[in-house]
Amino acid sequence: MTRSFNRIAAAALIALAAGPFMSAQAATNDTDLATAVQSSLSNTLGSDASGLTVTANNGNITLHGWTQGPQEEAKARFVASKVPGVHNAYSSVRTFSSDSNE
């Protein structure tokens with residue numbers, strides 16, 4: 001339980017630190033918004049975002065792909081939701097884990 005809490009706390013700190021990497025100007029169309037979200041994910045999460053793609057529809061974005069676990073998926077959704085122009089951030093991300101202790 002403590003290990004999970006520590007991971008969640010770490011994820012929250014990383015997500016809060018994401019602010020400086022995000023553009024202050026909202027995207028003007030779905031293509032630009034998807035590009036801005038993808039860029040923000042890459043800048044903030046680095047290689048953790050390499051398995052993710054983004055689609056946008058009228059300010060609603062959906063994340064697709066794979067992450068290491070639920071914490072990474074939650075971080076990605078949080079980072080995406082903070083990009084200017086995003087109204088809602090949805091996820092169809094699948095998770096996998098190589099950690100046998102969970």
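This briefing describes the nonpolar core and the aromatic pair of one structure. The model is predicted, and its largest nonpolar core has 16 residues.

**The nonpolar core**

- Within the largest nonpolar core, the residues with the most contacts are Val37, Leu41, Val54, Ile61 and Leu63.
- Two or more residues of this core come from each of the elements α2 (30–45), β1 (52–57), β2 (60–67) and α3 (70–81), and α2 gives the most, with five residues.
- In soluble globular proteins, nonpolar side chains tend to be buried together.

- Although Leu41 and Ala76 are 35 residues apart in sequence, their C-alpha atoms are 6.5 Å apart in space.
- When neighbours within four places in sequence are left aside, the contacts of Leu41 include Leu52, Val54, Leu63, Ala76 and Val79.
- Leu63, with residues up to four places away in sequence not counted, touches Val37, Leu41, Val54, Ala76, Tyr90 and Val93, among others.

**The aromatic pair**

- Trp66 and Phe96 form the pair, which is tilted, with 6.1 Å centre to centre and 50° between the planes.
- The pair links distant parts of the chain, since Trp66 is in strand β2 and Phe96 is in the segment after β4 (94–95), 30 residues apart.
- Trp66 is partly exposed because its relative accessible area is 45%, and Phe96 likewise counts as partly exposed, at 42% relative accessibility.

Methods:
Residues numbered from 1 in each chain as written. Predicted model: local features only at pLDDT ≥ 70, side-chain atom pairs only at ≥ 80, totals over all residues. Heavy atoms only, no water. Core = buried A, V, L, I, M, F, W, Y, C linked by side-chain atoms within 4.5 Å. Buried < 20%, exposed > 50% of the residue type's maximum accessible area, 1.4 Å probe, protein only. Helix = DSSP H or I, 4+ residues; strand = E, 2+ residues; numbered from the N terminus. Contact = heavy atoms within 4.5 Å. Phe/Tyr/Trp six-rings, centres within 6.5 Å; stacked < 30°, edge-to-face > 60°.
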